[in-house]
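Subject: Structure handover

Hello,

Here is the structure for your files. My notes on it follow below.

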Amino acid sequence: MALENGEFWITPGGGIDEGETHEDALRRELREEIGLSDAAIGAHIWNREATFTVRGRQIAERECFYIVRTDRFVADLSGNPVAHEREAMAEARWWPVHELPAHSKDFAPARLGSLVATLLESGPPARPIDTGF
């Protein structure tokens, strides 16, 4: 997804509500943010800690990335119940692997392209790796 003004592209995800597991939260966020309700959740592959500013608000996150498999579908941004998130998301799109730059400040994590390439070449890591910013 892109934040408004083309600031950067992020993967779907978000906070964990009280009583939710990581997998429960991931399923909820996928449903809310892109309308995906029947994904197969796989291995926890990456971690990332980041601090950034959106609309003048500083956000600090600890992120966990999982492999998610699904049939082809069209993302639907209209289901997000969080108004400031819905307003900030300008676009959702699928990125063909060959179009992902190895490293770019336009993506979070910045080295998403190289991480995906390594994942496709070598498979999931034995334990989650730190993506860096």
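**Overview**

Of the 133 residues of the protein, 32% count as buried (under 20% relative accessible area with a 1.4 Å probe and protein chains only; exposed is over 50%, partly exposed in between). This is a predicted model, in which local features need pLDDT of at least 70 and side-chain atom pairs count only at pLDDT 80 or more, while totals for chains, interfaces and linings use all residues. Residues are numbered from 1 along each chain as its sequence is written, and side-chain values use heavy atoms, with hydrogens and water left out.

The protein has 3 helices and 7 strands, in the order β-β-α-β-β-α-β-β-α-β. These are DSSP runs numbered from the N terminus: H or I of at least four residues for helices, E of at least two for strands.

**Cores**

The largest nonpolar core has 11 residues: W9, I45, W46, F65, I67, L100, F107, L112, L115, V116 and L119. Strands β3 (40–54) and β4 (57–69) and helix α3 (112–122) each supply at least two residues of this core, and α3 gives the most, with 4 residues. Another core lies apart from it and has 7 residues, including L26, L36, I41 and F73. A core here is a set of buried Ala, Val, Leu, Ile, Met, Phe, Trp, Tyr and Cys residues joined through side-chain atoms within 4.5 Å.

**Aromatic pairs**

A search of the whole structure finds 4 aromatic pairs. Rings of Phe, Tyr and Trp (its six-membered ring) pair if their centres lie within 6.5 Å; planes under 30 degrees apart count as stacked, over 60 as edge-to-face and the rest as tilted.

The rings of F73 and W94 are edge-to-face, with centres 5.4 Å apart and planes at 85°. F73 lies in the loop between β4 and α2 (83–88) and W94 in the loop between β5 (89–91) and β6 (107–108), so the pair ties together parts 21 residues apart in sequence. F73 is buried at 17% relative accessibility, whereas W94 is exposed at 54%.

W95 and F107 are also an edge-to-face pair, 5.0 Å centre to centre with 70° between the planes. W95 is partly exposed at 27% relative accessibility; F107 is buried at 8%. Together with W9, these two residues form one aromatic cluster. The charged end of R93 sits over the ring of W95, 3.7 Å from its centre (the criterion is NZ of Lys or CZ of Arg within 6 Å of the ring centre and within 35 degrees of the ring normal).

Regards
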